[in-house]
Each structure stands twice: as C-alpha cells, then as structure tokens.
Amino acid sequence: PYTTLFRSIPAHIFEDEEAACARLAEKIVESINACNGVFKLGLTTGTSPVPLYQELVKKYEAGEVSLKNVEIYSIDEYYPAPADNHSRNRRLYEELVAKIDIAKENVHAPKLTEVHDSNYVTEFCAKYDEMASGLDLLIMGTGEKGQIGFNEAGSSDISRTRTVQLSYSSRKRQVKNFAGNMDETPHSAIALGISTMMSAKKVYLIGWGEDKAQVV
C-alpha cells in the first residue's frame, strides 16, 4: 500500500525503496509489453535505480518481459569517462544489462573517454540529444540538492544535452566513487538537458530516504 498526494504532480509514498521499485518495475513492464515497436527507456545513474534494476531482472527471469525491442538511454556520464569501474553507468551494465536479453548496441550512454575539441563534443552532444529525445519513459533520480543527472538546481528548463562543470559540492558527493581522492574525481560531465528530459512521454522521479525527502 502507498499514499498518493495530488498537488501539481502525483507523489507516491511507499514503505521503502524496495516496495517502490517493485511497483515501478510493474509500470515499466506494462509499458514495454504494450509497445508494438521499439521502446525507448531512459534511466538515471547512481545508486538510486539499483533496486529497480534488480526488480526488472526478476521479471525478465520470470518470463514476464523481454527487452529485445528496448533501447536504453543513460542520462549522464563523467567527461572524459573514467575506467569502467568508476563509470556513472557501471551499475547499469552490471546490475541490468548483463542479466537481460537486451542487445548491447541498444544501450546508449553519453560517453567520451578522451578530451576532444569543442566542435567534436558539441556534435556528439547534439547527436546524443537527438537520439534521446522523445523517450517513451524516463526514470530520473535526484540528489540531495535537487540536481538531476548533473543538472544542478536552477538549470535552465530549455537546456539540451551538453557538457557541465561539476560544482565542488557535487564533486564531494562523487568522491566516494574514487576512493575518497578528490584529485581523481572528474571536474565535468555530459548531461542530458532538462528540455530533453521533459520531451519524454512519461517521467518518473525517484528519491529514497530522509536525506532526499525535503528536495523531493
């Protein structure tokens, strides 16, 4: 059971993240199974979606869904992208992609492993933005300060996919992924823009725990 609060947008409050992800996985599976063509699914990065990945894997293993006709689009990645074990998308590949029947070429992330000139990066971001526009469903997480996919609170609502400079506070939050070493923590990332996110047909925003209750 959960509580629904109807304000400007519906908010569903669950007992815990496992219960929330079980329900959200049902919604995703229903949407995929109702689609006659390719289903475009956008996924957030970080730790918040891991219980959701686990629920989706359970449903796949139970034969409730196939992801052969699904394309996944990640909403961000460090720039330049570090080794896979430090990637923002590491959990996406380890906890979901490796355990389902999705084709590897149908999994997309805004990943550039090297520093390129500005024209190359601009063209790359524009191409990724076009690919990730008009998603059938987007799952987004939020940070403690309201940032969404490295779009800091206050980011323009007309922003498109682009490189962003990570604030000192954002880098402090990411340092745990780099063994506590700030020198190794990236200074920038490629982020799906707010406008690109809002072009999705449906959006779910997830946030777990007391630390994120106020910003949600």
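This section describes a helix pair and a strand in a predicted model.

Two helices, α1 (residues 17-34) and α2 (residues 50-61), pack with their axes 8 Å apart and at an angle of about 50 degrees. The two helices are therefore oblique to each other, and the crossing of α1 and α2 is right-handed. On the α1 side, the contact is formed by E17, E18, C21, A22, L24, A25, E26, I28 and V29, which meet P51, L52, E55, L56 and K59 of α2. Classified by residue type, this contact of α1 with α2 comprises nine nonpolar and five charged residues, with no polar ones.

Within helix α1, residue A22 was examined individually. When neighbours within four places in sequence are set aside, A22 is in contact with E55 and K59, both of which belong to the α2 side of the helix contact. The C-alpha atoms of A22 and L92 are 17 Å apart in space, with a separation of 70 residues in sequence.

Strand β3 (residues 39-43) is mostly covered, as five of its five residues are buried. Burial extends to both faces of β3: F39, L41 and L43 lie on one side, K40 and G42 on the other, and all are buried. Strand β3 runs parallel to strand β4 (residues 70-74), to which five bridges join it.

Terms used: Residues are numbered from 1 along each chain as its sequence is written. This is a predicted model: local features need pLDDT of at least 70, side-chain atom pairs count only at pLDDT 80 or more; totals for chains, interfaces and linings use all residues. Side-chain values use heavy atoms; hydrogens and water are left out. Axes are lines fitted to C-alpha atoms, for helices over the stretch in contact, and angles run from 0 to 180 degrees between N-to-C directions. Helices (H or I, at least four residues) and strands (E, at least two) are DSSP runs, numbered from the N terminus. Angles under 35 degrees count as roughly parallel, over 145 as roughly antiparallel, 65 to 115 as roughly perpendicular and the rest as oblique. A crossing is left-handed if the near helix is turned anticlockwise from the far one by less than a right angle, and right-handed if clockwise. Contact means heavy atoms within 4.5 Å. Ala, Val, Leu, Ile, Met, Phe, Trp, Tyr, Cys and Pro count as nonpolar, Asp, Glu, Lys and Arg as charged, and the others, Gly among them, as polar. Buried means under 20% relative accessible area, exposed over 50%, partly exposed in between (1.4 Å probe, protein chains only). Two strands pair if DSSP finds at least two bridges between them.
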